[in-house]
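Visitor: I have not seen this structure before. Please show it to me, and I will ask what the terms rest on.

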Amino acid sequence: MAKTDLIADTFTMIRNAIMAKKENLDAPASKITQAIMEILKREHYIDNYKLIEDNKQGILRIYLKYKGKKPAITNIKRISKCSLRVYARKDKIPYVLRGRGIALISTSKGILTDKEARLNQIGGEILGYIW
């Protein structure tokens, strides 16, 4: 099966692993998914991740975080898709659950959270929401 949208596929793998109460999962690696995992780790949505070299694309092993029996990620949603790109200007960056979640935004300075994008006064493509 050809994978055209690695971000959406990775979000779906995370969602499915959380529903199955898995401790970790393996997802295809790319620079964008690594940057997203770094943000999720920094924002305490996952425990850790590591890159496993396989002489091909590489694999990201993602260690999910649970608070007791509840997962740290309640939902993860892809917003901008291949068929419909969604952009936000610096003054129109959305709040996710009134600031309790984060929006991932691809900017000229890399992938940032909504708070970081507001702080840096830059807009960009909204990749997804996590809460």
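Visitor: What makes β2 and β3 a pair, and how do they run?

Guide: Two strands pair if DSSP finds at least two bridges between them. In this predicted model, 6 bridges join β2 to β3, so the two count as paired, and they run antiparallel. One of the bridges links I52 with I59 of β3. Strands here are DSSP runs of E with at least two residues, helices are runs of H or I with at least four, and both are numbered from the N terminus.

Visitor: Why are β1 and β2 said to stand at the edges?

Guide: The open sheet has 3 strands in the order β1-β3-β2, paired antiparallel. β1 and β2 each have a single partner strand, so one side of each is left without a neighbour in the sheet.

Visitor: What packs on this sheet?

Guide: α1 does, touching β1 and β3; contact means heavy atoms within 4.5 Å. The direction of α1 makes about 165 degrees with that of β1, where axes are lines fitted to C-alpha atoms, for helices over the stretch in contact, and angles run from 0 to 180 degrees between N-to-C directions. α2 packs on the sheet as well, touching β1, β2 and β3.

Visitor: How do you know that the span of α1 agrees with that of a helix?

Guide: The expected span is 1.5 Å times one less than the number of residues. For the 14 residues of α1 (residues 6-19) that gives 20 Å, and the end C-alpha atoms are 20 Å apart, which agrees.

Visitor: Which residues of α1 are buried?

Guide: Among them are I7, F11 and I14. Buried means under 20% relative accessible area, exposed over 50%, and partly exposed in between, with a 1.4 Å probe and protein chains only.

Visitor: What makes a set of residues a nonpolar core?

Guide: The members are buried Ala, Val, Leu, Ile, Met, Phe, Trp, Tyr and Cys residues joined through side-chain atoms within 4.5 Å. The largest such core has 25 residues, and I14, I36, M37 and I62 touch the most other members. Its largest share, 5 residues, comes from α1. Among the residues that I36 touches are I7, F11 and L104.

Visitor: What do the numbering and the values rest on?

Guide: Residues are numbered from 1 along each chain as its sequence is written, and side-chain values use heavy atoms, with hydrogens and water left out. As the model is predicted, local features need pLDDT of at least 70 and side-chain atom pairs count only at pLDDT 80 or more, while totals for chains, interfaces and linings use all residues.

Key: Lists of a residue's contacts leave out its neighbours within four places in sequence.
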